[in-house]
Amino acid sequence: MSSFKTMNFIKYSLLLIITALVVNGCKKHQNNTLVVHILHEPEDLHPTNGTSALRAEINLYTQLSLLKIDYNTSELLPCMAKALPIVSEDGLNYTYEIKDELYWDDKTPVTAADVAFTTKANKCLLTNNPALKQNWDNVKDIVIDAKNSKKFTVEMNHPNALNTWFWTDFPIIEEAFFDKHKTLSTCTTAQLIDSTFLKKNKAVKIWADEFNSPKYYNNPEFMNGGGPYKVTKWDKGVSITLEKKKDHWTKNCEEHWFCKAYADKIILKLNTNNASTLLEFKNGLMDVSTNIDYASFSELETDKTFTDKYITKLADTYNYTYIAMNMKPDGKTHQPLFTDVLVRRAMAMLVPYDQINKLVYGNHCKRMISPISPLKKEFNTNLKPIEYNIQQAQALLKQAGWEDTDGDQILDKVIDGEKVKFQFSINFINAQKQWEDIAKQIAESMQKANIFVQLNPMEFNGFVSAAMSHDFDMSMSAWQSSVQPEDFSQLWKTTSWSTNGFNFTGFGNTRSDALIDSINNCVQESKRIELTKQFQQLVYQEQPYIFLLTQARRVVVSKKWTNLEIYTEYPGVLLNTLKLND
Amino acid sequence: MPTLVAVTIISFMLLSSAPGDPVNSMVSVSNSGGGLKSSNDIEIQKNYWRKQLGLNLPLFYFSIHKLSEPDTLYKISNEAQLQQINERIKITGGYKNYIPKFVWYGFHNQYHRWLFGGNGSKGIIRGDFGLSYSKKVPVMEIITDKIGWSLFFSLLSIILAYAISIPLGIKIAEQPTSSFSRVSQTFLFLLYSVPAFFMGVLLLMLFANPDVISIFPPSGIKPTEGYSDSASFLEKLIDSLPYIVLPLICYTYSSIAFITRLTTTSINEQLPLDYIKTAKAKGLSNRQLIYKHALKNSVLPLITVFTSVFPSIVGGSVIIESIFTIPGMGLETVRSITSQDYPFVIALITLSACMTILSYLIADILNAWIDPRVRKSLSNKF
Amino acid sequence: MNILDTYHTIKQTLSRNRALRRACQVFCVFVVVVILAPFIANDKPLVCKYQGQLLFPAFSWKQKVVLPNQEIIHYNIGREWKLKDYDFAIFAPCAYSPNTIDADNAPRKSPFERQIIESSNKQLVSLPLKFRHWLGTTQNGTDVLSGIIHGTKISLSVGIFSMLIAALLGIGLGASAGYFGNNTLKIGYLQSIFLIISIGIAWFYGFEVRDSMLSNAFLQGGIYLIIQLFLSFCICGFIIYLFSFIGKRIDSKLKLTKTIYLPVDTIVSRLIEILNAIPALLLIITLSAITKPSYTVLICIIGFLSWTNIARLTRTEFQKTKQLDYITSCKAIGMSNFRVMFKHILPNVFPLILVQLAFGMAGAVLVEASLSFIGVGVPLDTVTWGSLLNEAHDHFSSWWLVLFPGLCVFTLIYIYNKIGAELSKIK
């Protein structure tokens, strides 16, 4: 090839590029398509086994459940059920009736058999949803009404405030789609949680292998639900497309939020990088985000040309960040640093809360004091936040026996005849920069009190399993919470520690366990609030966590869309209720 | 071939000895809230997956271990339990801890299963790289999903680089003293030293930023809508064109600098040789000299460079992909490593080792095709 | 010709070649910055007079000082040094340590923006010129200039030390492959069998017996891991040597004359082939996912992966040179192989290796910077050029986070490349 020819080649290709750019520039994206920013892909969209938070959001639009939450009043709404259940006097039997107009995508009506199947599928020991099973432990059985195939009674084991609430989290799935041979209907619920029965029964194993197989996790063709939207495309690493179903029963219904479906298409577009997300919004390529990072949000808020086109708003959430301290370490790989409550209190005093709030969260967050969000009525207002105070922390550490005796700028103490240095590592998830920034600030502040902190960024799964198996010194993360009545047994009960559950720290004694039980079994609201306040007091005294800050939701919505309402509850903005501005 | 086997053994051993329980990520762990009443549920699922993945088999055909260790230690999967046993062996083993013992496990082992199949796996010789730990889908599926864009960029960039830099290199060699040559040589040398991530971030900052110039979209690889279903390849290409430009520049600039330099030097090496002098004496112009004689003989190093691109097709470019959010192999690689998705990592290492060996082979064949001297030495070799 | 001669040639070429000289000068500037870093960028004053007492905080190894009036000053108070009332004080030109958080000037203050400080009476005033963040600050309010100055150490040492390892391995293996080839080294028949058996046994004593120590070392990471691994390899080497020695003795005792050639060349070539087939970046990320990220480990990994180029070059050069007359005559007068290899052949090959080393250093710097840029496989608490660029990756509006560290990486890579290119011109 001569250089002359090459020059021509280059010229022509440049020309081609420019024309293509012009052509593309003219093309705006289709009307009535909502483009939503997501920060990470859901790991899967399995109807029962999936665990990622984003899956729960997608389920809001693609699935229906018996009951849903009314985001304005924070109360229960009947969704698939005709009305809220009729409760028996002992609080154990809940009778529901399914609405008449409901039908699945294949036009078959929704019946009580589907609810029974959903329960069995969730409770079956072979289903790969071990982390979620506990929510179903209280369900004993579903009894279908002999005369009315749409009416059924849910039998529970114990009375509990959550007995109705838990239905909001779990979509009802179609039996004819997920269990073509009706295998589960031949077994009773009790049989499905009996491992000796399951060992003998081949049919259930075949069903479970099929039900747990990858296609139900990530293939849109095998995703099925009762909601007004359907997942039609999942372009891995790029986007997930939800399309409005052509004639869904919600078509003529605008009563509740879950009936609405204005946008024809919702595209959830993945962008993991803050800066390029920012550029996409500035270029008008995206419509909605609720998770832009705080720094970028502050930048957008002050940009006049941007706020002309977009609404930027901060909304409160019930979520909070915390640092868990290992109260019962093994003493070998992890030294007994935080066994003393004085030390834990001193640690809480060494965290520069205001500085973190300013540098990482742009002063958008509030202090968290106990495991209950200050927004909730259960919050104990008598508790005062522990403030940043190095001198007092040093005094407390000295009182607990930690002193720098050898002059190496690290505190030490003789424990069981062995000199232990006050140095430890702090675990956090590597996916987001905010954790790294917070950890660096804490490390700098601790260093002033002669404590050496190592940063240990971890991948999500590794982080969780390290925390659950008590393999950490300090572990920093966030909990997502909701309007539902709080169930403390998962995070704070001693059994949850001994079985490697979510009680990471080893908090608790017989008194706290008894308190948690009485909170759970209490149906009367005012009494429950009183007990919850007592429990907060207990946690506050023990300080197993350093409670950091509440989290704010950073809502950015294009002014092309109206009907915007922002809720405290996840996901903050209901995408199906957004309506295109004419 | 022996190289390939060695590479797979090394990577297999390395990753099997990595810490962490691989089935942890197979079992769904709740992201928010959630809780566990009994760890029994989790153990049932874990054991199921262990069997499914063949992790209950011994690692290799044989093992050399301490006399005090039981032969069936591999069957214990619980890490805490394993640690206890190891500690007990350490204390009670005594002299037996220092005597080696050779155990032959036969063909029922993880490596054999991985290579040739069995126990529900087809083995890599039939294209089955096993199940991804973190995504629960076959590794091959992920690779076919992701390799498209990496392949596209690698090939396009190398073609572009050659199309630009060979004529450029010739031009520089033709008139080595002209100001054009001097300027472009210096410029290319500077360009060669610019790190790709610096270039990428600069390009984004300058050309996709409404505050400066906004010609190109800042991220992704195709329009948000995706392509229309009926779009032909060309239509897809045109749709994606604005998205391609910036990453392509990033992929290409350093190879342009490198190949141009290579072309120039290898032609320059030919010029003082006798046959060129003879040709010059015949009265050929500088240009004719290069095109007719020198170029043909200086093509060897260019071929070597061309084939060396092959392995990078599998690996993709971590940096460029992460800057421009391209769903390619590079990002997938980092994801798989940080989430301990070892079947995927081993598959990657094996594939790129294959590619390397393939590239040697192709380079040899091409060289033989062009250079009769090499052909002769090759035929001697085989 | 010996190493001294090579030194003289280099000196001569330096005086002749201007571009090379300049590149070396810039390199020296980097080295000086590394050595003086604690005194150029430090948040402690170099000299100060406080409460009538003369202090040298930046030079002191102690952690605190007790003043005559019983006031105790801890040396690790970070930015509070700037708030004290001194009689006089001289601060470093860049008055910040790389990890010191300046919350007043955060997040991300541009070099040209107004920078503030909280004065002793709790009011926010303009930052005095001597405390200015000349190149701006990061998200957490750490100083960019200080980060760049202290980051130089990492970038330079990664290049130099990894190539040192690569050179040792590459020259050693490449030279023996080239010099001995496949049919020079003879070993006895029994000895060879012993050698093969010894590999398994060496593995056992080197790794299996020490496995608890090694897994502990992997947990600890860093220099400890390197030492433990090195020990393991030493044990392996010793056992293999022992067995081959015993084999040789038995051979000579039994008077077995059957010998075979040790295929040194094939072994080394295969090793090179295997290492080349493994994608380097992938292996580095994988290894650093297994052990705790640390620069010592990173340097060693890069070193162990990049000796192949040097080895290949050395091998070809040795193959060519060993056939020359003067080498044959060296052998004829009974010089030892070792002496011939390293005293008579190596100096001739050395300039070529130097070129390869310079390019290798550029590559190593690039690998380190890329890894810190994507934030994988490097410790987070060390500020490096790459980690500064990583911050910019999240916030494009902060151009100073892109420009300055990016230019530094570019310059270092450029001068390595330049040195390599100029050296290769000389020949």
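**View 1. Helix α3 (residues 112–123) of chain A lies across strands β6 and β7 of chain A.** The helix runs at about 160° to β6(A); axes here are lines fitted to C-alpha atoms, for helices over the stretch in contact, and angles go from 0 to 180 degrees between N-to-C directions. Contact means that two residues have their C-beta atoms, placed from the backbone, within 7 Å. Helices (H or I, at least four residues) and strands (E, at least two) are DSSP runs, numbered from the N terminus. Keep in mind that this is a predicted model: local features need pLDDT of at least 70, side-chain atom pairs count only at pLDDT 80 or more, and totals for chains, interfaces and linings use all residues. Residues are numbered from 1 along each chain as its sequence is written, while chains are lettered from A and ligands numbered from 1 in the order in which they are written.

**View 2. Here is the open sheet of four strands in chain A, in the order β4-β5-β7-β6.** The pairing is antiparallel, and two strands pair if DSSP finds at least two bridges between them. Strands β4 (86–87) and β6 (139–144) of chain A stand at the edges with a single partner strand each, so one side of each has no neighbour in the sheet. One to look for pairs A:Glu97 with A:Lys151 in β7(A).

**View 3. A:Leu575 and C:Val365 touch the most other members of the largest nonpolar core, which has 283 residues.** Such a core is a set of buried Ala, Val, Leu, Ile, Met, Phe, Trp, Tyr and Cys residues joined through C-beta atoms within 7 Å. Buried means 20 or more other C-beta atoms within 10 Å of a residue's own, with C-beta atoms placed from the backbone. Helix α12 (residues 337–374) of chain C brings the largest share of this core, 18 residues. Leaving out residues up to four places away in sequence, C:Val365 touches several others, including C:Ser155, C:Val158, C:Leu412 and C:Tyr416. There's also a second, separate core of nine residues, among them B:Ile166 and B:Ile290.

**View 4. Chain B is divided into domain 1 (2–126) and domain 2 (139–381).** These bounds come from an automatic or database domain assignment. The C-alpha centres of the two domains of chain B lie 41 Å apart. Where they meet, twelve residues of domain 1 are in contact with ten residues of domain 2.

Notes
Buried ≥ 20, exposed ≤ 12 C-beta atoms within 10 Å, placed from the backbone.
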